[in-house]
Amino acid sequence: MTHKKLIFASVSTLAVFLTACDDGENLESMQEATEEIDRLKTETVDDLNELTGMEAELQTHFSDTLETDDDLSTLSDGSSPVFENIESRESALSSIEEKEAEMEEHQSTLEEYEGEQLDQSEVDQVIADVDAFTDHLAEYRSHYEATLSSQSEYFDSISGEDATYDDFVDGIENINDEQAELREHLLELDEFIAEFSSNLEQLQSSIEAELSDEE
């Protein structure tokens with residue numbers, strides 16, 4: 001990002017005046033933006049952990065359905081708790097998507113920074129981290145949504161008259177394979193979050209230090 005430069009830098013009094021009037025620092029807004037990005041990052045991690053917990057619950061719901069519903073009618077009519085579980089995870093994904101959009105809004109505040117008090121490389125790094133974070137999340141959501149669709153189709157299909165034992169087993173194996181792939185994406189995201197958090201913390205510390213100097 002190009003920094004503002006004082007055209008009349010050789011005139012010291014004018015330079016001081018222009019610097020004092022320059023609103024490009026906008027440190028309070030920068031502080032608020034980084035705090036909101038940090039909050040959204042933390043809440044997104046909570047959503048991801050919630051998804052993991054619901055994945056574990058799916059197995060219990062499915063086992064209970066098999067034990068209590070001999071003809072699998074609750075799978076054919078959609079009343080089995082496995083479908084409620086899928087809907088809950090869809091809601092969690094929607095919540096994550098909303099946080100992505102909100103985070104990008106606060107990112108725009110960082111992109112508008114034109115001051116001189118902060119290290120521009122720190123600002124640019126957090127901007128890049130937000131881009132990478134939302135890209136990771138979008139890819140993860142895309143894979144996860146496909147997995148949920150596959151699970152829903154599987155649970156519905158095994159209640160059909162034409163369903164075989166092989167269909168039952170193959171479907172479970174497919175679900176397990178998809179879950180393993182999702183875990184790989186999640187591990188990559190987890191590694192990135194640690195670096196993102198460190199860079200964000202550094203920028204927040206710099207902003208706080210500059211605000212303290214102004215008091």
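Visitor: In this predicted model, which backbone nitrogen lies 2.9 Å from a polar atom of the side chain of Asp69?
Guide: Asp69 is placed in the loop between helix 2 (27–68) and helix 3 (73–76). A polar atom of its side chain lies 2.9 Å from a backbone nitrogen, and that nitrogen belongs to Ser73.

Visitor: How far from Asp69 is the nearest side chain of opposite charge?
Guide: Asp69 is buried and has no salt bridge. A salt bridge requires a side-chain nitrogen within 4 Å of a carboxyl oxygen. The nearest side chain of opposite charge to Asp69 is that of Arg89, at a distance of 17 Å.

Visitor: Is Asp64 buried or exposed, or partly exposed?
Guide: Asp64 lies in helix 2. Buried means under 20% relative accessible area and exposed means over 50%. Because its relative accessible area is 37%, Asp64 is partly exposed.

Visitor: Which helices hold Glu100 and Arg141?
Guide: Glu100 and Arg141 form a salt bridge, with the closest N and O atoms 2.5 Å apart. The pair ties together parts that are 41 residues apart in sequence, because Glu100 lies in helix 4 (residues 81–111) and Arg141 in helix 5.

Visitor: What is the relative accessible area of Arg141, which meets Glu145 in a salt bridge?
Guide: The N to O distance between the side chains of Arg141 and Glu145 is 3.6 Å. Both residues are in helix 5, and they are separated by about one helical turn because they are four residues apart. Glu145 is partly exposed at 39% relative accessibility, whereas Arg141 is buried, with a relative accessible area of 9%.

Visitor: How far apart are the closest N and O atoms of Arg39 and Glu36?
Guide: Arg39 and Glu36 lie three residues apart in helix 2, about one turn of the helix. Arg39 is partly exposed at 29% relative accessible area, and Glu36 is partly exposed at 22%. Their salt bridge has its closest N and O atoms 2.7 Å apart.

Visitor: Which residues lie nearest the centre of the largest pocket?
Guide: The largest pocket holds about 310 Å³ of space. Helix 2, helix 5 (120–157) and helix 6 (165–214) each supply at least two residues of its lining. Of the 14 lining residues, those nearest the centre are Leu58, Gln59, Ile175, Asn176 and Gln179.

Terms used:
Residues are numbered from 1 along each chain as its sequence is written. This is a predicted model: local features need pLDDT of at least 70, side-chain atom pairs count only at pLDDT 80 or more; totals for chains, interfaces and linings use all residues. Side-chain values use heavy atoms; hydrogens and water are left out. Buried means under 20% relative accessible area, exposed over 50%, partly exposed in between (1.4 Å probe, protein chains only). Lys and Arg count as positive and Asp and Glu as negative; His and the chain ends are not counted. A polar contact is a pair of N or O atoms within 3.5 Å; within protein, one must be able to donate a hydrogen and the other to accept it, and residues adjacent in sequence count only if both atoms are side-chain atoms. On a 1 Å grid over the protein atoms alone, a cavity is a set of points where a 1.4 Å probe fits but cannot get out, and a pocket is an open set with protein on both sides within 12 Å along at least five of seven lines; lining residues have an atom within 4 Å of a point. Grid points are joined across faces, edges and corners, and a volume is the space filled by probe spheres set on the points.
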